[in-house]
Amino acid sequence: MANADVLDILSDTIPTTSRGAANKDEIIREKKKGPKKSIRRPEGMKREVWSLIAQDDRESVPIVPTDTKSGGNSYARWIKHSAMKVRSWQWTPFTNSARGPSDTFVLYHWQHKTNPDDPPQEYPFAKFNKHVDVPTYTDNEYEQYLQDKEWNRTETDVLFELCRKFELKFLIIHDRWNNILYPDRSVEDLKDRYYTICTTLEYARTKRHTDKYNFDAAHERRRKEQLNKLLSRTKAEEEEELYLMNELKRIENERKERERIISQDVQKFVQQQDQNISTTNNCIQRTVSSSSRRSSINQDYLQRLNSSSNRTSTTQRITTCDPPVGIKFPEFKRPGVFLRSQRMILPSSIPNKKLAVIDQVLKQCQLERNPMACEEIVDEFNDLRSDIILLFDLKNALNSAEYELQTSLHRLKGENGSTNMGVSSTQPSGAGINSSNEPSKTQFDFLLSQPNTPNENITSPRLSDSFEPTNIVRASTTERKRRALSSQTSTIKKRERLS
Amino acid sequence: MSVVNSESVVTNTRTPVVIIKPILYGNTAKHLGTKRDSDGHTHRWSVYIRSFNNDDLSTYVSKVQFRLHETYPNHARMITQAPFEVEESGWGEFETQITIFFADPNEKPVVFYHHLKLFSTDPDVVAGTKDLVNEHYDELIFQEPSDLLVRLLNCAKAFAPSTDENLATAKEYAIKKHDTIDRVKKARQRVRSEIQDLTERLRITQENIKRVRQRTMDNSSPMGTFSLSIHDNIKREIVD
């Protein structure tokens, strides 16, 4: 090691404190470290070369990975092998059997020296010279099976001759096809003729249907046309297509988000509802609107909840206090002294938007942000804020769902419109021919024109209208778009009515 | 010595009760009339903490620390006896931190904040007839206090027979409490009914979506390649 050399040279001048240390601890430490597992320099290698490659500490990683199979000594093994002699090469002549039996063309190349008594090797690439079997037909066969109104005998013969010559490389065959003597044929035409002949011959000779020569000319033509179109798109068209793809992706993602929101919130509310039923019935009993409707909803949700998660619902019934949805307020279970108002602190996990919503609703209800901290007030107040958050989430979900409904309806309308153009009318009184389409269509029209579905009994201004919920889907422009969509459907309706 | 012994004996025995002590904390402020030239102070204020029921806090509270604004000399005021209040003068509002230390040194002190309010729009206060009072009601919850603390809490005796003023404030707070409870309950009702409503709408909308999707699938099955129509639909959606 270079380091060792330097130390050696300077050893006279360096104070040998570490060397001559009679310190008991140091000696013990040195002994404890033990013999380091360092790799020995292989014999053939020069000292400087080894110092470049070798590593003192096993921690540093080499830039180029080394072969550690033999513990770093593979170089030594190579050195050992390098003592062997090199194989000798010979400039030998050879012939290619693929060129044909009567070929005498001789070329030369380098080959390993072989023993003279071994038989001469076949040219290794000759085995790739594969030939295609092009069937031949007799005149009888032609007259019996292979007649075609568009192809006469000479043309067919020429085609087969070309196939044989060019090994079924149809592009070349098509290129060699004589347009002057014979009518112009496309590649598909030639292929079609060839493969139909092959299948018929096969069937005629063996009386068995095979799938060997399946060729669908029409499909091929369409495919090639599509590829051509693809190739010959202008830049503008390509960009438009990319744009459409991206839009599609985005719409799909948004739709997935909406689905997630909707299902999440419905679950949350279902849990909340269930818990609400079991623990406190005061609020529900006191509300004015039709109890029958609510009870039916409750039943419905109870059923759904019970079917999905039985155990969780029962445990929720047992625990009181915290609503499982909404906000989780800090609880004090450990011994100590606390202030009641500490239980009213909103956890920091709530995003600012929701905080603003809470404040807004509280202002509307003429409540201050931190009311006096009595026991009942704290509980009710916390529950109220939880409910506010739930309301907010529900509003979001509802908006997403409504937007989703609109887009689905439009998709439906688009497809219906394109397929059933002249068939059905949208008049509800109707001479509707497709009676099955009719009632559903009118039903959906009704839905389209009235985005807010059921009638509300509540006449007082709604709390939920006071805040603008966030939407994953194009937040600020949902209203505008909904109106635009509905106007568009009305124009479609008009068009269909006129037609 | 005996005190030390009793404390070391008592440290980890806790009674599983919850004792609640209502307190009032806040500040009063009075405008001085003129701006004092010497230091620009315009108001005389006092921040305090006292028991709601006119008990003597010092039975279970050892000391209260009021942290004022840093510009005040000795801004961490430690008050070790009743009445637990700090009287000062100033010119601006700031947030004070109040820390209550309890007679049981093993209990962690309770820390909370109070915004010192000096200015008001109330005409009476502006006129100078009424002092500005910015008070909050709160409750100290002693959860599983140690035996020592329990004894102290239970034998907290009143300062003096409650004065008329105290009765008036108590009544005020009772009214306010009742009022707040009412309003909160009403608000909850409103929110709940809206939640019901929205859920119903959501459910209906979801069903409609399902139905429409079903119909779309039925329609699309007889059709062949429909990439074109989908693109059209997308275009239409985007164009709006």
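What follows is a short exchange about some aromatic, charged and backbone features of this predicted model.

Me: Why is the pair of A:Y137 and A:Y142 called tilted?
Reply: Across all chains, the whole structure holds 24 aromatic pairs. In this one the ring centres are 5.8 Å apart and the planes meet at 35°.

Me: What makes A:Y137 buried or exposed?
Reply: A:Y137 has a relative accessibility of 13%. Buried means under 20%, so A:Y137 is buried. A:Y142, at 3%, counts as buried too.

Me: How do you know that A:F170 and A:Y195 form an aromatic pair?
Reply: Their centres are 6.0 Å apart, and the limit is 6.5 Å. With 45° between the planes, this pair is also tilted. A:F170 belongs to helix α7 of chain A and A:Y195 to helix α8, so the pair ties together parts 25 residues apart in sequence. A:F170 is buried, with a relative accessible area of 6%.

Me: Which cluster do these residues belong to?
Reply: A:Y137, A:Y142, A:F170 and A:Y195 are among the members of one aromatic cluster, which also includes A:F160 and A:Y213.

Me: What makes you say that a charge sits over the ring of A:W151?
Reply: The charged end of A:R185 is 4.2 Å from the centre of that ring. The distance limit is 6 Å, and the charge must also be within 35 degrees of the ring normal. A:R185 is listed as sitting over the ring. A:R153 likewise lies over the face of A:Y142, at 4.7 Å from the ring centre.

Me: What stands out about phi in A:E167?
Reply: Phi of A:E167 is near 55°, a positive value in a residue other than glycine. Most residues other than glycine have a negative phi. A:E167 is in the loop between α6 and α7 of chain A.

Me: Why is A:E167 called partly exposed?
Reply: Its relative accessible area is 23%.

Me: What about A:K207, buried or exposed?
Reply: A:K207 has a relative accessible area of 54%. Exposed means over 50%, so A:K207 is exposed. Phi of A:K207 is also positive, near 55°, and A:K207 lies in the loop between α8 and α9 of chain A.

How values were computed. Residues numbered from 1 in each chain as written. Chains lettered and ligands numbered in written order. Predicted model: local features only at pLDDT ≥ 70, side-chain atom pairs only at ≥ 80, totals over all residues. Heavy atoms only, no water. Helix = DSSP H or I, 4+ residues; strand = E, 2+ residues; numbered from the N terminus. Buried < 20%, exposed > 50% of the residue type's maximum accessible area, 1.4 Å probe, protein only. Phe/Tyr/Trp six-rings, centres within 6.5 Å; stacked < 30°, edge-to-face > 60°.
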